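Subject: Structure handover

Hello,

Here is the structure for you to look over. My notes come after it.

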Amino acid sequence: MARKTRGPQQPPPADDDTEAMIQAAGLLPDKQIAEVLRFIRTDLNSEPGMAWLPPENATRPPMLWSGFLKGLPRRPCASPSGRLKVQWLAVREPRPLSRAILQRLQQDLRDGINKVLGLGAVPMAFRGIWNLDMIPYGRLSMTAEPGGGGFVWQYFHVVDVGAQDAPVPGIVLAVAQLVAEHADRIRVCQLHSCNVIFLANRHQEFCTTTHGQLARDQTKKKKGK
Ligand SMILES: [Zn+2]
């Protein structure tokens, strides 16, 4: 998509999120989860269209995030232990998700990922379980097996309640599936002032090389004194 300079008062370029949906569906799963993690560290309270920022920090218009999240595939999947079972949940929502729903999703996804993977400062009592409590008719949770043995889903009956309320639980499910499949690569940045959740390569401990360098500099300073 072409990037143009826009005044802050002008509306986003498209009036639907279909294009972003199609693009999201075409991404490889590891690109999808990387984008989800980017979504949850984006502040939707800030003004959209900050095209001068580097891609890692750029804020997308809510419309594009809406399409991206709606385009995430709903598929049955299995954890490494083969015990992950997910009910297919179809979602049809013609309109883009509102900013309020996106902000709620950011909060709920961030919270759920932190808890189920035990990242950051999550109290012991909450570690290892993600309650997907936005499912309208039914209860669903994703629990981490001890020792990295995959994830177990537990649920009651889940109903697609129609266009008004369906997209959010469907999206949370799609994200939970991606999290389960990439759990060993989802980490929290070890720079104390950062703490963002990111998709790591091999032994990567910091979200960016800049933060790795910052942390090393801080350690050096401490040792030097
Ligand atoms: Zn960082």
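Below is what I found, starting with confidence and overall layout.

This is a predicted model. Mean pLDDT for the protein is 74. Of its residues, 65% reach 70 or more. Where pLDDT is low, the predicted coordinates should not be read in detail.

On the overall layout: the protein has six helices and five strands. Their order along the sequence is α-α-α-α-β-β-β-α-β-β-α. The protein has 225 residues, and 32% of them count as buried. Take the contacts between residues at least 6 apart in sequence: 61% of these join residues at least 24 apart.

Next, the helix pair α2 and α4. Helix α2 covers residues 29-40. The axes of α2 and α4 are 9 Å apart, and the packing angle is about 115 degrees. That makes α2 roughly perpendicular to α4; the class runs from 65 to 115 degrees. The crossing of α2 past α4 is left-handed. On the α2 side, the contact involves V36, F39 and I40. On the α4 side, Q106, L109 and R110 meet them. By type, the residues of this contact are four nonpolar, one polar and one charged.

Helix α3 spans residues 62-71 and is mostly covered. Ten of its ten residues are buried. Among them are M63, L64, W65, F68 and L69. The buried set also includes K70, along with P62, S66, G67 and G71.

Where does R127 lie? R127 is in the loop between α4 (99-117) and β1 (129-131). Why is R127 classed as partly exposed? R127 has 14 other C-beta atoms within 10 Å, and partly exposed covers counts between the exposed limit of 12 or fewer and the buried limit of 20 or more. Leaving aside neighbours within four places in sequence, R127 is in contact with K115, G118 and V122. From R127 to I113 the C-alpha to C-alpha distance is 9.9 Å, and the two are 14 residues apart in sequence.

Best wishes

Key. Residues are numbered from 1 along each chain as its sequence is written. This is a predicted model: local features need pLDDT of at least 70, side-chain atom pairs count only at pLDDT 80 or more; totals for chains, interfaces and linings use all residues. pLDDT is the predictor's confidence in each residue, from 0 to 100. Helices (H or I, at least four residues) and strands (E, at least two) are DSSP runs, numbered from the N terminus. Two residues are in contact if their C-beta atoms, placed from the backbone, lie within 7 Å. Axes are lines fitted to C-alpha atoms, for helices over the stretch in contact, and angles run from 0 to 180 degrees between N-to-C directions. Angles under 35 degrees count as roughly parallel, over 145 as roughly antiparallel, 65 to 115 as roughly perpendicular and the rest as oblique. A crossing is left-handed if the near helix is turned anticlockwise from the far one by less than a right angle, and right-handed if clockwise. Ala, Val, Leu, Ile, Met, Phe, Trp, Tyr, Cys and Pro count as nonpolar, Asp, Glu, Lys and Arg as charged, and the others, Gly among them, as polar.
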